[in-house]
Amino acid sequence: GAGVVSDDTNMLKTTKIRLLRPQTERHTQNRRGATRKRKRTCFSVSAKQGASLTGQVRGTHPLWSQNMESIVSPLKNTVVRISVGVFNVGMFPARMLGRVSRGLTRAIRTRANAKRELEGPISELWLVVGLGNPGTKYDGTRHNVGFRAIDEVALANGIRMGKVKANAQVGLGKIAGESVMLVKPLTFMNLSGESVGKLSRYYKVPRERVLVVYDDLDLPNAQVKLKLKGGHGGHNGMRSIIEHFSGKSDFPRLKIGIGRPTNPRIPIVKHVLQGFARDQQEDIDFAVQDCVKIVENIMVNGMEKALSTSNTKKKTKKKNEGSGEKNEKKSDSEKNTSSTTTAQV
């Protein structure tokens with residue numbers, strides 16, 4: 001019996017221990033949870049108190065309101081400026097690439113429009129042709145006064161001479177509402193008709209709407225004369241144009257007098273390839289401006305009216321005037337064989 005009692009006693013102790021252990025664990029867990037809760041509460045309360053204390057100090061402390069703002073504001077502006085500068089530097093390649101691409105697109109579009117404009121049909125077109133030799137070597141010479149007149153017409157009417165077609169420098173624009181193509185053949189003088197013939201055929205321009213501006217030996221210096229038709233007068237450029245018009249010379253021309261050399265020993269070739277004398281230059285400047293006015297007058301009032309108002313003779317000495325009239329008659333008559341011996345270059 002005693003053994004039995006002892007066994008029961010041990011069993012009861014074991015059972016009591018097992019029964020009490022869960023209560024002890026729960027109690028321990030509850031205590032830990034309460035401790036954690038108290039800690040979180042204390043922490044949150046201390047944070048709120050710290051915030052309130054910081055606000056009180058910030059609002060009441062004199063150094064904070066005065067010094068801190070003066071320090072923070074420039075620092076903030078500096079940071080902003082540095083950030084903007086870094087951004088701009090980073091965007092610089094992209095911006096440059098964008099500008100280059102837009103410039104190329106604009107140039108391609110302009111060239112395409114110009115090409116389309118030159119290739120398309122142009123109704124009621126005038127060809128105003130100036131004769132001369134290409135290259136800076138011949139700038140300012142008597143033989144290139146036709147080129148100079150075309151340049152002045154382009155400048156006065158805002159026509160850009162930046163295109164090349166049919167081996168000629170051309171500029172397309174309007175003068176007094178009329179479509180005008182200014183032409184400077186890039187061939188030498190003797191082959192001027194190649195460019196003029198190609199352009200007139202391509203744009204289907206009749207001969208009566210092809211105005212040629214050139215120098216004339218048989219007119220006194222700086223005298224300007226407009227004619228409806230006539231011969232070449234020994235001028236090789238005009239001779240070439242007549243040949244490419246199938247021998248027909250019924251097209252208007254505007255002649256600028258350069259006069260013959262006063263010294264008979266000077267060859268014609270040398271004379272026309274020389275520049276104007278100093279005392280002649282001012283008169284030539286006025287003559288070129290007269291050509292601009294005559295071209296504009298033709299576009300405004302027509303050829304017939306321009307003929308009646310444009311051929312005013314320049315006042316010169318009687319001797320020069322008489323020789324000019326005599327030489328002019330000589331250039332108009334193609335029967336005189338001496339014109340071939342005085343042919344210009």
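Helix α7 passes helix α8 in a right-handed crossing. A crossing is right-handed if the near helix is turned clockwise from the far one by less than a right angle, and left-handed if anticlockwise. Helices (H or I, at least four residues) and strands (E, at least two) are DSSP runs, numbered from the N terminus.

The model is predicted: local features need pLDDT of at least 70, side-chain atom pairs count only at pLDDT 80 or more, and totals for chains, interfaces and linings use all residues. Residues are numbered from 1 along each chain as its sequence is written, and side-chain values use heavy atoms, with hydrogens and water left out.

**Exercise 1. Describe how α7 and α8 cross, and list the contact residues.**

Step 1. Take α7 as residues 278-301 and α8 as residues 303-310. Their axes come within 7 Å and cross at roughly 140°. Axes are lines fitted to C-alpha atoms, for helices over the stretch in contact; angles run from 0 to 180 degrees between N-to-C directions.

Step 2. Classify the angle. α7 is therefore oblique to α8. Angles under 35 degrees count as roughly parallel, over 145 as roughly antiparallel, 65 to 115 as roughly perpendicular, and the rest as oblique.

Step 3. α7 brings I294, N297, I298 and N301 to the contact, and α8 brings M303, K305, A306, T309 and S310. Contact means heavy atoms within 4.5 Å.

Step 4. Sort the contact of α7 with α8 by class: 4 nonpolar, 4 polar and 1 charged. Ala, Val, Leu, Ile, Met, Phe, Trp, Tyr, Cys and Pro count as nonpolar, Asp, Glu, Lys and Arg as charged, and the others, Gly among them, as polar.

**Exercise 2. Treat α4 and α5 likewise.**

Step 1. The axes of α4 (192-202) and α5 (236-244) come within 7 Å and cross at roughly 40°. That makes α4 oblique to α5.

Step 2. The α4 and α5 crossing is right-handed.

Step 3. S192, G193, E194, V196, G197 and R201 of α4 meet G237, S240, I241 and H244 of α5. The classes here are 2 nonpolar, 6 polar and 2 charged.

**Exercise 3. Work out the strand order of the sheet and find its edges.**

Step 1. The sheet is open and has 7 strands, ordered β2-β3-β4-β1-β5-β7-β6, with mixed pairing. Two strands pair if DSSP finds at least two bridges between them.

Step 2. β2 (163-165) and β6 (224-227) each have a single partner strand, so one side of each is left without a neighbour in the sheet. The twist averages 25° from one strand to the next.

Step 3. Look at one pair. β1 (125-130) and β4 (178-185) run parallel over 5 bridges. V128 faces L182 in β4.

Step 4. α4 touches β1, β2, β3, β4 and β5, and its direction makes about 155° with that of β4.

**Exercise 4. Which residues of α4 are buried, and what covers them?**

Step 1. Buried here are S192, G193, S195, V196, G197, L199 and S200. Buried means under 20% relative accessible area, exposed over 50%, partly exposed in between (1.4 Å probe, protein chains only).

Step 2. Their cover includes β1, β2, β3, β4, β5 and α5.

Step 3. Just after α4, K204 takes a positive phi of about 55°.

**Exercise 5. Is N133 buried or exposed?**

Step 1. N133 sits in the loop between β1 and α3.

Step 2. Its relative accessible area is 4%, so N133 is buried.

Step 3. Beyond four places in sequence, N133 touches Y138, H143, N144, F147, F188, M189 and L273.
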